[in-house]
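Below are some notes on the model, as numbered points. Please read them with the structure open.

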Amino acid sequence: MHPFTGLATREDGAVKVCCRSHPIGFIQDQSLEEIWNGDNMKRIRKQVLTGYRPPECEPCFSLEDQGVESLRLRHVNGTIPEARIKLYPMAVNKMNDDYTMPFEIPTMEIKLNNLCNLKCRMCNPTDSTSWNDWQEVEEFYDKENNFISENVRKLNLIKKPYLDKFEDNPNWWDSFEKLLPYFRRVEFAGGEPLMDPQHYRILDMLKPYGKDIEIKYATNGTTFGIKGGRNVHEYWPYFRSVAVNISIDGIGTVYDYIRGNGNWDEVVQNIQEFKKIPNVSRIVGAVAVQVSNVLTLDKMIECFLDELDIVFYTNMVKYPSQLSIQVLPKYLKLLAIQRLEFVKERVPEFRYVKQNPILLNLTLGQIEGVINYIKAVDQSDKWEECIEFNKKLDASRNQSFETVTPEFKRYL
């Protein structure tokens, strides 16, 4: 659905089919309008409609091949509230014979910069200005030829950590302004969007059309805004509804370990504050599943669905590969699966599921996807690299890999 309904941006200036895809252009070189009907997007539309896999969409197809419901499938199958097959079922009818489409995009997924107050383990300097110990683990990204290490060097992010490719770029702002009357959903991520002045500039542009627009966030949930009245309480009432995805990669000490500079107790308090805002339609706990939290996912599911009353939603950490759950030794994989199978049986009894029966199949599907991903590929030959990666960050951050996940001790 994405090639017919929207675009996404990345902090380094990349413009993409969706937040997961590989780039189809760069805002430094072309406007949104040019990219929307450029050769790459026309080819992708044709490939999608004729049964081919566009190479830009490899991240989703890779997950599907491993038994995980990808973001692509979630939108095609209608398993999430914002599924585009439900919102824009007739979108493809607007396409011309040459695979161009009117520049009337209903959805935009926006990452404008990497301004962020956290330094999460699976993150990197292109996504966070707080990543000040990149050189401790850069070698692991280099070893697998990951584009991130090349970007960090090319963009000089060690000396100048802030990315500002969109800030004064008419290719972005002029094109975005043309789209204002057509938007029905605008999604923000980062960095941390709620602490970004450019995010509030965009909300000012959207406000006159807000009654027709749902806005959605991928936020770390640590802040409600910045000084000068630019905060969620000031802006969100102008919009039809607000969906809040809070990145929560653990509970208690596991959260604090993975999400550097974060504090679990503060996030729990902030969740309750988000709930008080009248037009917040839903709050989702978005989990980046990785080695340091997979053995506690069962406790997280219970916490989300029986205590916090938020949705449980997963994404698989694929890189750095040393943090993938596929690197676990066999026994730890079996232990993780055992715990997930056990919590699956309990899901129907959790309070939030009883209140919202639609969450039953959604949650079970998320759990099954994690189990399938564990089983799909064995990367346990990278377990020693996983230990080395985490211990390098531990030394820099005064943390302890084995203390947070005691099951690891016998394997270190």
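1. Gly6 and Ala8 point to one side of S1, Leu7 and Thr9 to the other, and all are buried (under 20% relative accessible area; exposed is over 50%, partly exposed in between, with a 1.4 Å probe and protein chains only). In a regular strand, side chains alternate between the two faces of the sheet. Strands here are DSSP runs of E with at least two residues, helices are runs of H or I with at least four, and both are numbered from the N terminus.

2. This is a predicted model, in which local features need pLDDT of at least 70 and side-chain atom pairs count only at pLDDT 80 or more, while totals for chains, interfaces and linings use all residues. Residues are numbered from 1 along each chain as its sequence is written, and side-chain values use heavy atoms, with hydrogens and water left out.

3. Strand S1 (residues 6-9) runs parallel to strand S4 (residues 107-110), joined by three bridges. Gly6 has Thr107 as its bridge partner in S4, and Leu7 has Met108. Strands count as paired if DSSP finds at least two bridges between them.

4. With strand S2 (residues 14-16), S1 pairs in the antiparallel sense over two bridges. Thr9 has Val15 as its bridge partner in S2. The two strands make a hairpin with four residues between them, and Gly13 in the turn has a positive phi of about 100 degrees.

5. Axes are lines fitted to C-alpha atoms, for helices over the stretch in contact (heavy atoms within 4.5 Å), and angles run from 0 to 180 degrees between N-to-C directions.

6. Arg185 is in strand S6 (residues 185-188). Why does Arg185 count as buried? Because its relative accessibility is 3%. Leaving aside neighbours within four places in sequence, its contacts include Glu82, Thr107, Met108, Glu214 and Arg282.

7. Val48, in helix H3 (residues 39-49), counts as partly exposed because its relative accessibility is 35%.
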